[in-house]
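Visitor: I am new to this structure, and I would like a close look at one part of it, the sheet. Could you take me through it slowly?

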Amino acid sequence: ADEEEANIYSRFINPNSTELEDKMAILEGTETAFAVASGMAAISSTFMALLKQGDTILACNSIFGSTHTVLTKYLPKFGINHRYVSVTASAEEWENAIDDSVKMIFLETPTNPGLEIIDLEMVGKIAKKHNIIFVVDNCFATPLIQQPQQYGADLIIHSGTKWIDGQGRVLGGMVCGTK
């Protein structure tokens, strides 16, 4: 009944995931974090929680293959569209890709698997200017190399199977951001 905050049911909250969430929030410099079953669960749940029919995701054109599949195969079933922008796009090209339907910008930097770099500060300023949710998949760089929230990212995604665990020993995902 949500009458007390406690470790009542391990699937919802437990000391292990709470510890991971607290540490990831500290590392990313965010207010909080939320652990999920996988990196794709983090991405999919973020899309589904924040977007609705008629919304568009503006994404970089170099993204993880499974993310591309979610954008092109699954989200259209719910009326959620996507549009790609080149990894090398200028600020003007990002701006030109925005219309009233764009509710989220999603990108990876470095990209997976091409390791291409996108100017987070530039895209963050554009997202803020247009009041668009800015989501960054930071699993390749990790918070050791970059903290996207410093450049305006609202949410930071991680796949635990990448560099957070050392590459492939665990399965898990994180969404870091504000409460």
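Guide: In this predicted model, seven strands make up an open sheet with mixed pairing, and their order across it is β1-β7-β6-β5-β4-β2-β3. The edges are held by β1 (32-36) and β3 (81-85), and because each of these has a single partner strand, one side of each is left without a neighbour in the sheet. From one strand to the next, the twist averages 20°.

Helices pack on this sheet as well. Helix α1, residues 15-28, touches β1, β6 (155-159) and β7 (173-177), and its direction makes about 130° with that of β1. Helix α3, residues 65-74, touches β2, β3 and β4, and its direction makes about 130° with that of β3.

Moving on to the pairing of individual strands, β2 (residues 56-60) and β4 (residues 102-108) are paired in the parallel sense over four bridges, and here Ile57 stands opposite Met104 in β4. On the way to β5, β4 is joined to that strand by five bridges, the two running parallel, with Leu107 standing opposite Val136 in β5.

Strand β5 itself, residues 133-137, is mostly covered, since four of its five residues are buried. Three bridges then link β5 to β6, and these strands also run parallel; within that pairing, Val135 has Leu155 in β6 as its bridge partner.

Methods. Residues numbered from 1 in each chain as written. Predicted model: local features only at pLDDT ≥ 70, side-chain atom pairs only at ≥ 80, totals over all residues. Heavy atoms only, no water. Pairing = 2+ DSSP bridges. Axes fitted to C-alpha atoms, helices over the stretch in contact; angles between N-to-C directions. Contact = heavy atoms within 4.5 Å. Buried < 20%, exposed > 50% of the residue type's maximum accessible area, 1.4 Å probe, protein only.
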